[in-house]
Amino acid sequence: MCLGIPGEVIELHPDQPDLAKVDVSGVRRLINIGLLADDPPVPGEWVLIHVGFALSKIDEHEAAAAMQFLEGIGQAYDDEIAALKESLIE
Amino acid sequence: MTVDHDHQPGWIGEALAEHDQLETEGRTQLPLADREQQVLDRIDRARRRRPRVREERVTMSHGSGGKATHTLIEAIFLDAFRNPLLEPLEDAAQLAVGGARIALTTDSYVVSPLFFPGGNIGDLAVNGTVNDLSVAGARPLYLSAGFILEEGFPVADLARVVEAMRDAAAAAGVQVVTGDTKVVQKGKADGCYINTAGVGLIERDGALGVARARPGDAIIVSGPIGDHGITIMLARGELDIEADICSDTAPLNGLVAGLLDAVPGVRAMRDATRGGVATILNEIAKAADVGVLVSEDAIPVRAEVRGASELLGIDPMYVACEGRLVAVVPGEEADRAVAALRAHPLGEQAAVIGRVRAEQPGIVQLKTAFGGTRIVDLLVGDPLPRIC
Amino acid sequence: MRFVDEFRDAEKAHALAAKIAALCEPGRQYKLMEVCGGHTHTIYKHGLEDYLPESITLVHGPGCPVCVIPMGRVDDAIHLASQPDVIMTSFGDMMRVPGSGGSFFDANAEGTNIRMVYSPLDSLKIARQNPDKQVVFMAIGFETTAPSTAMTMLRAAAEGLPNFSVFCNHVTIIPAIKAILDSPDLRLDGFIGPGHVSTVIGCRPYEFIARDYGKPVVVAGFEPLDILQSIYMLMVQLSQGRSEVENQYARVVPWDGNLVALRAIGETMELRPYFEWRGLGFISHSALQVREKYAAMDAERLFQVPGVRVADPKACQCGEVLKGVLKPWECKVFGTACTPETPIGTCMVSPEGACAAYYNFGRMNRNRVAEAEVARS
């Protein structure tokens, strides 16, 4: 029930402004974007899809920031492991 | 107003009694990890008990190929018909008749819709039965075809189905040699149901069967999984999903012959239909009483199948295929087996997906792409009914 | 798959796991609750516990909207579905939940017409295609799903669709969390906050947890790295003696929530004075019902619903599992009498139930990543 999947908006429905076609890994479906009426998505933007509705836009900057944090942790980790390994060489 | 409904049929009472027994023995005071292990042991014993069907009526779960189906088969059919030839519950029965060894199988096809990208019910009816014979190590020879037709079903559609069967039979090198036709009133049979039975000749030495799996064996899948089930689901049109996926229905006898020529020591093969690859892995673990460990990264899945599955919250491992096989081969033969499969057009993406091991017998585990481990159990029902 | 695969990277997981372990005070035990059933599912599905040190225990919370539906409501739904000319539509999750006389699947075997749908909008399609039938949508879910039901109702109203109604079983998350916090049985150190519920209600509603109860909350995404990162953020707060609400899932969750969604809910639904939750008892202002204005779409007004209160079977300990007091395997009937095939309670049958997650994914001898690390080096 919490199931929400990121999908890319491909096109808006020509006749019905609250419908849009999204792409999820090559699979396409019409969803209702009425819950984003205050800031409707445009083709190329990503949304979170839940039971046929877009609940939220995916903020690419935030996603990048999250990735950066994780990569930073990863780099720091690799550095530490490298340091640990070096210090074993007596 | 409160109604006290007490489901106290025997098995609940038994479970509570067992728990109380453990308490009086003071065994529930052990450290946490030990207590958990105790519970796991208790569950293992419960799972090995004789299956019983608890429902009064058949439900859709019983047709899914998962736990409910297995329970129904074991408790009702196996119990009534019991004999050594039936007990292995393989895809085909292996019989000695006169001096020859033959394989016999049967399958019924109730897929809805009848026509879908990649084929129709006729293709399934031929290929499905050919495949059950092939994975038993038999050369498929002859099929029977029984039709149950709904009053009002267009003859043109019937012709299309039958033409597909003709072409599929020719491609597989088999002949339909006998059949039957029945018509039922409008509202039953959903257009057309087909049953095919098949007979093949076992010409190779060595028995095949999932019970023969051994620790160290490799588990191989012949190509990307889940294509057929997802295709059917999308073809039902209820989900408004478009994707470029089509059913993988195909006769596997050529692929199987190539594999057996290269690796005569193949222990077992199954075609992955209802219930998907996950069901077969569980059948292996249970029949041979071994553990199975597969790697999520190694399992081939098309991007669109993955996308559709994620969208619907389904795991591709449980989604039906109609032209894929799972093979268990001795560990040292794995590379040769994969090469043999890849040499055939239907096996281009064959891959080793995991190993058989001694630890945790009866249980299938998956090493996730993330690096953690989890169990892959049989599902009770199937989110995609009437798949094949 | 974009925005999914990057958050399932094993390398980064090892790094985070090391950081988390480093933040654990020697000798101290940590209990963190993940509220959302979806998080429980992810944790088991990806084997996340393998990455955590022994001193951190994840406690499973009541955020499974299927799990908390009492048996009586399931019976009510089946009663509705049994009315002449009714087609009931339902999410797949509900189909095997046991009522006192069986599940939706069992009811179909006896003659009801309960159809699985992916979206509430599919119910409208069915209603249009079957003008002589009454289509009743079994609406379940927390605030994540309520807006979708609301929008569907608004659409039905706009179209003047006469044969569509909703059997509303939406519940709200905050009262459930408060019930947990007030429960004397439980001592938690922090919360992995609901992800998708928060896209609707935002992060402010959780501030009382940090402020009044002194527990940190991190709103978390659903990929395994999201959850690990959230645990890391909780451990940082704990090590610094802070208790605040943080948003790890900022790429999807806006701090203020989704106003359009909240407006849609407010237009079509209102809070019930009280509602019974399986295991947690009656909680006031914890569930939604259809507003008077939309009475024509309220199945409870259109039909007579028996409303019989059915006690859980004596053997069922779902309540304690939902509150996090018992681990699934500690329930007396777990895995023996209560299995996914023969469920006694909802925790075992809902895809997000803790018991289902543990039985289907986690039921094995655990390998801590530490052991694996030792083996590797």
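This is a predicted model: local features need pLDDT of at least 70, side-chain atom pairs count only at pLDDT 80 or more; totals for chains, interfaces and linings use all residues.
Chain A contains 1 helix and 5 strands, and when its elements are read along the sequence they follow the pattern β-β-β-β-β-α. Of the 90 residues in chain A, 41% are buried. Among the contacts in chain A with a separation of 6 or more, 28% are accounted for by residues 24 or more positions apart.

The contact between chain A and chain B takes 9 residues from chain A and 13 residues from chain B. On the side of chain B that touches chain A, the elements that give two or more residues are β10, which spans residues 241–242 of chain B, and α9, which spans residues 303–312 of chain B. Of these, α9(B) gives the most to this side, with 7 residues. When the residues on the side of chain B that touches chain A are divided by class, 5 are nonpolar, 2 are polar and 6 are charged.

Elsewhere in chain B, B:Arg324 lies in the loop between α9 and β13, the latter formed by residues 325–329 of chain B. A residue counts as buried if 20 or more other C-beta atoms lie within 10 Å of its own, and B:Arg324 is therefore buried, with 31 other C-beta atoms within 10 Å. When residues up to four places away in sequence are not counted, B:Arg324 touches B:Val221, B:Ser222, B:Gly223, B:Ile225, B:Asp248, B:Asp271 and B:Ala272. B:Arg324 and B:Leu252 are 72 residues apart in sequence, while in space they are 7.7 Å apart, C-alpha to C-alpha.

Chain B also touches chain C, and in this contact 46 residues of chain C meet 50 residues of chain B. The elements that give two or more residues to the side of chain C that touches chain B are α1 (10–23), α2, α4 (104–109), β14 (309–310) and α14 of chain C. By class, this side of chain C has 23 nonpolar, 11 polar and 12 charged residues.

Two of the elements on that side, α2 and α14 of chain C, also pack against each other. Two packed helices are described by the angle between their axes and the distance between the axes. Helix α2(C), residues 37–45, and helix α14(C), residues 354–362, pack at an angle of about 10°, with their axes 9 Å apart. Angles under 35 degrees count as roughly parallel, and α2(C) and α14(C) are therefore roughly parallel to each other. The crossing in which α2(C) passes α14(C) is right-handed. To this contact α2(C) brings C:Thr40, C:His41, C:Tyr44 and C:Lys45, while α14(C) brings C:Ala354, C:Ala357, C:Tyr358, C:Phe361 and C:Gly362. The residues of the contact divide into 5 nonpolar, 3 polar and 1 charged.

Another helix pair in chain C consists of α6, residues 146–159, and α11, residues 259–268, whose axes come within 8 Å and cross at roughly 60°. With this angle, α6(C) and α11(C) are therefore oblique to each other, and their crossing is left-handed. The contact is made by C:Ala146, C:Pro147, C:Ala150, C:Met151, C:Met153 and C:Leu154 of α6(C), together with C:Ala261, C:Ala264, C:Ile265, C:Glu267 and C:Thr268 of α11(C). By class, the residues of this contact comprise 9 nonpolar, 1 polar and 1 charged.

Strand β3 of chain C, residues 86–90, has 5 of its 5 residues buried, so it is largely enclosed by the rest of the structure. From β3(C), C:Val86, C:Met88 and C:Ser90 point one way and C:Ile87 and C:Thr89 point the other way, and all are buried. The strand β3(C) is joined by 4 bridges to strand β5(C), residues 134–141, and the two run parallel; in this pairing C:Val86 stands opposite C:Gln134. A further 3 bridges join β3(C) to strand β4(C), residues 114–116, which also runs parallel to β3(C), and here C:Met88 stands opposite C:Ile114.

Definitions and conventions: Residues are numbered from 1 along each chain as its sequence is written. Chains are lettered from A and ligands numbered from 1 in the order in which they are written. Two residues are in contact if their C-beta atoms, placed from the backbone, lie within 7 Å. Ala, Val, Leu, Ile, Met, Phe, Trp, Tyr, Cys and Pro count as nonpolar, Asp, Glu, Lys and Arg as charged, and the others, Gly among them, as polar. Axes are lines fitted to C-alpha atoms, for helices over the stretch in contact, and angles run from 0 to 180 degrees between N-to-C directions. Angles under 35 degrees count as roughly parallel, over 145 as roughly antiparallel, 65 to 115 as roughly perpendicular and the rest as oblique. A crossing is left-handed if the near helix is turned anticlockwise from the far one by less than a right angle, and right-handed if clockwise. A residue is buried if 20 or more other C-beta atoms lie within 10 Å of its own, exposed if 12 or fewer, and partly exposed in between; C-beta atoms are placed from the backbone. Two strands pair if DSSP finds at least two bridges between them.
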